[in-house]
Amino acid sequence: MYDREQRFKMEDTMNAARIEYTEKGVMHAASRRCDIVRISMSSATLAILTQFNLPKQFYLDIPDARITKVGCLLMKVNANNTIEVRFLRLLTQKELNKIFVYSTHPAHRDYVLDIRA
């Protein structure tokens, strides 16, 4: 499925996010903080603060942009405490714009939120 999907352009960003997953089956819900370093409609690169074991599938919450429960699939773990993930659904352009509005990256300084949309 992922090999036939078109590639979307990754853009640099800096947003706070939260990884949510379950430990030991359904019994314990866990949540860890992370930062979104790069993002596209279909994937993202996340910087995690400390090293911990992640499951293959988890949810990503972006509280500033009010985007919750984006299903993710862990693709690659890098040595510099970053991970690459694929989204289980494509983000819409409206969601990406909300993420860029709340980004602290200098490239997104001029983004404004359209309240009519």
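**Reading a core and its strands**

Modeller: Leaving aside neighbours within four places in sequence, Leu60 is in contact (heavy atoms within 4.5 Å) with Ala17, Arg18, Ile19, Cys34, Ile36, Leu46, Ile67, Thr68, Lys69, Val70, Cys72 and Phe87. This is a predicted model, in which local features need pLDDT of at least 70 and side-chain atom pairs count only at pLDDT 80 or more, while totals for chains, interfaces and linings use all residues. Residues are numbered from 1 along each chain as its sequence is written, and side-chain values use heavy atoms, with hydrogens and water left out.

Biologist: Which residues touch the most other members of the largest nonpolar core?

Modeller: A nonpolar core is a set of buried Ala, Val, Leu, Ile, Met, Phe, Trp, Tyr and Cys residues joined through side-chain atoms within 4.5 Å, where buried means under 20% relative accessible area (1.4 Å probe, protein chains only). Here the largest such core has 27 residues, and Ile19 and Leu60 touch the most other members. At least two core residues come from each of β1 (11–23), β2 (28–39), β3 (43–48), β4 (57–62), β5 (67–77), β6 (82–87) and α1 (93–101); helices (H or I, at least four residues) and strands (E, at least two) are DSSP runs, numbered from the N terminus.

Biologist: How many bridges join β4 to β5?

Modeller: Two strands pair if DSSP finds at least two bridges between them; β4 and β5 run antiparallel and are joined by five, with Ile62 standing opposite Ile67.

Biologist: What do the buried residues of α1 pack against?

Modeller: Those residues, Glu95, Leu96, Ile99, Phe100 and Val101, pack against β1, β2, β4 and β5.

Note on methods. Buried < 20%, exposed > 50% of the residue type's maximum accessible area, 1.4 Å probe, protein only.
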